[in-house]
Amino acid sequence: MMKSISTWKQELTKGAHAARLAALYCCTPDETPAQAARYAAVLDGLETTFGAHTEAGLYSAPGRTEIGGNHTDHQHGRVLAGSVNIDMIAAAAPNSLNQLRVQSEGYDLCVIDLDDLTARKEEENTTASLLRGECEAFRQRGAKLSGLDVYISSNVPKGSGVSSSAAFEVLVGVILNDCFMAEKVSPIAIAQIGQWAENVYFGKPCGLMDQMASSVGNIITIDFADKANPDVEPVQVDFSKAGLALCILDSGADHADLTDEYAAIPNECRAVAAVCGGEVLRDVPFETFLANIPACRKQCGDRAVLRAFHFYADNDRVPQQVAALREGDFDAFLQMVTASGDSSWEYLQNVIPAGYKEHQEVAVTIAAAKHYLGGKGAVRVHGGGFAGTVQAFVPVEMLADFKANMEKILGAGRCHVLSIRPEGGAVL
């Protein structure tokens, strides 16, 4: 929705969007002025970077938390995930250059020509590749693309395991959908477009969970058995009513230079599936996998076999977690969160990068969190693993001490207390 920039600023200052912001950021309307100021700031950034514009739109895409199903999505498995109340926001306005120009705070300006949207090998692993890929995906769906200037600001920590990359992809998708699609695509399609751009243009074989959680919003369970048409169901949960706080612990380790570690997991799982006659592990019954373990060990190696064991167990855990949450059985849910974390460390092996000795930040974070929880709540590696974050469900009566103790180890501001956001990618 485009409005004049002066109108947006007046509305934001007067609190006209307080109710909307309160819903997005899980707070009261009285607590929204800081969020309104963020949107005013991206409008300022838009004009400072690109010059005056007659009108602009405002957009948001949240970070996500993975609650169940660690590295199951790329094997067409099940996941449980939710959007959280930190996000990436943008102001977007038309230009007459037939270029998509994107300025993210703290990064170089990125410009792509809308007349040339073919994938470029030399652009792999760059922002330009994602932008070009998403524009091409929307063009294929009938979008009448034209020049656009975008200014982005984020409080989703980069490399933190709450998926700043997926938030970026969803944010771009929401903007392109709003600005150029006469017949809007669904949040699910926006997530699929982001994944396609990342797979085909960016060159990373990611799954779809991160984009889906950011795009769809709230807590959802997703079954990827039919990859083209994933089964998405809402799961209504209020962790605060269960006396639990959701904490995301930033280990301090960055995902940079770990692409090979991440790529090895789906590659090894697919190798095991191939030995067993399938494309992905979801194609292969567990009993068939068990019968073929000797051949899998010989052809794929023992780590691949252990990673397959993790997939089958964590994939089965997801519907059990969903059932426990719907029944209000939080003790059972927390036990399964712990079991998922243990399986990720022992079998999936995505806590410590291969060969790392001096730097095992995620492992230290898990150990410290378990110590301070003293057997209560639950702790698990979060997201892709190897770096980034750890997830903890903390009894609210322990939260203040837990946060203080973890930040003594990790550093101030590295224990993020988050809420589940009820909406995914959004047009303000």
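Predicted model: local features only at pLDDT ≥ 70, side-chain atom pairs only at ≥ 80, totals over all residues.

Visitor: How do strand 1 and strand 12 pair, and over how many bridges?

Guide: Strand 12 covers residues 426-427, and its pairing with strand 1 is antiparallel, with two bridges.

Visitor: Which other strand is joined to strand 1?

Guide: Strand 2, residues 78-94, runs antiparallel to strand 1, and ten bridges join the two. Within this pair, Ala 81 of strand 2 stands opposite Glu 66.

Visitor: Is strand 1 mostly covered or mostly open?

Guide: Strand 1, residues 57-68, is mostly covered, with twelve of its twelve residues buried.

Visitor: What lies in the loop between strand 1 and strand 2?

Guide: His 76 is located in that loop. The phi of His 76 is positive, at about 60°, although the residue is not a glycine.

Visitor: Is His 76 buried or exposed?

Guide: His 76 has a relative accessibility of 12%, so it counts as buried; the cut-off for that class is under 20%.

Visitor: Where does Gln 349 lie, and what is its phi?

Guide: Gln 349 lies in the loop between helix 12, residues 330-348, and helix 13. Its phi is near 60°, again a positive value in a residue other than glycine. With a relative accessibility of 29%, Gln 349 counts as partly exposed.

Visitor: Why does Tyr 372 count as partly exposed?

Guide: Tyr 372 is placed in that class because its relative accessibility is 31%.

Visitor: Let us turn to strand 8. How many of its residues are buried?

Guide: Seven of the seven residues of strand 8, residues 244-250, are buried, so this strand is largely enclosed by the rest of the structure.

Visitor: Which residues point which way?

Guide: Leu 244, Leu 246, Ile 248 and Asp 250 point one way, while Ala 245, Cys 247 and Leu 249 point the other way. The residues of both sets are all buried, Asp 250 included.

Visitor: What stands opposite Asp 250?

Guide: Thr 389 in strand 10 stands opposite Asp 250. Strand 10 covers residues 389-395 and runs antiparallel to strand 8, with seven bridges joining them.

Visitor: And what is the bridge partner of Cys 247 in strand 11?

Guide: That partner is Val 417. Strand 11, residues 415-418, pairs with strand 8 over four bridges, also in the antiparallel sense.

Visitor: Now the whole chain. How many helices and strands are there?

Guide: The protein chain has 14 helices and twelve strands.

Visitor: What is its radius of gyration, and what would a compact globule have?

Guide: The protein chain has a radius of gyration of 22 Å, which agrees with the value near 22 Å for a compact globule of 428 residues. The C-alpha trace spans about 65 × 50 × 40 Å along its principal axes.

Visitor: What share of the residues is buried, and what about contacts between residues 24 or more positions apart?

Guide: Buried residues make up 56% of the 428 residues. Among contacts with a separation of 6 or more, 73% are between residues 24 or more positions apart.

Visitor: Finally, what does the accessible surface come to?

Guide: The accessible surface of the protein chain is about 17300 Å², and 50% of that belongs to carbon and sulfur atoms.

Methods:
Residues numbered from 1 in each chain as written. Heavy atoms only, no water. Buried < 20%, exposed > 50% of the residue type's maximum accessible area, 1.4 Å probe, protein only. Pairing = 2+ DSSP bridges. Rg over C-alpha atoms; globule rule 2.2 N^0.38 Å. Contact = heavy atoms within 4.5 Å. Areas by Shrake-Rupley, 256 points an atom, 1.4 Å probe, with all protein chains shown as cover.
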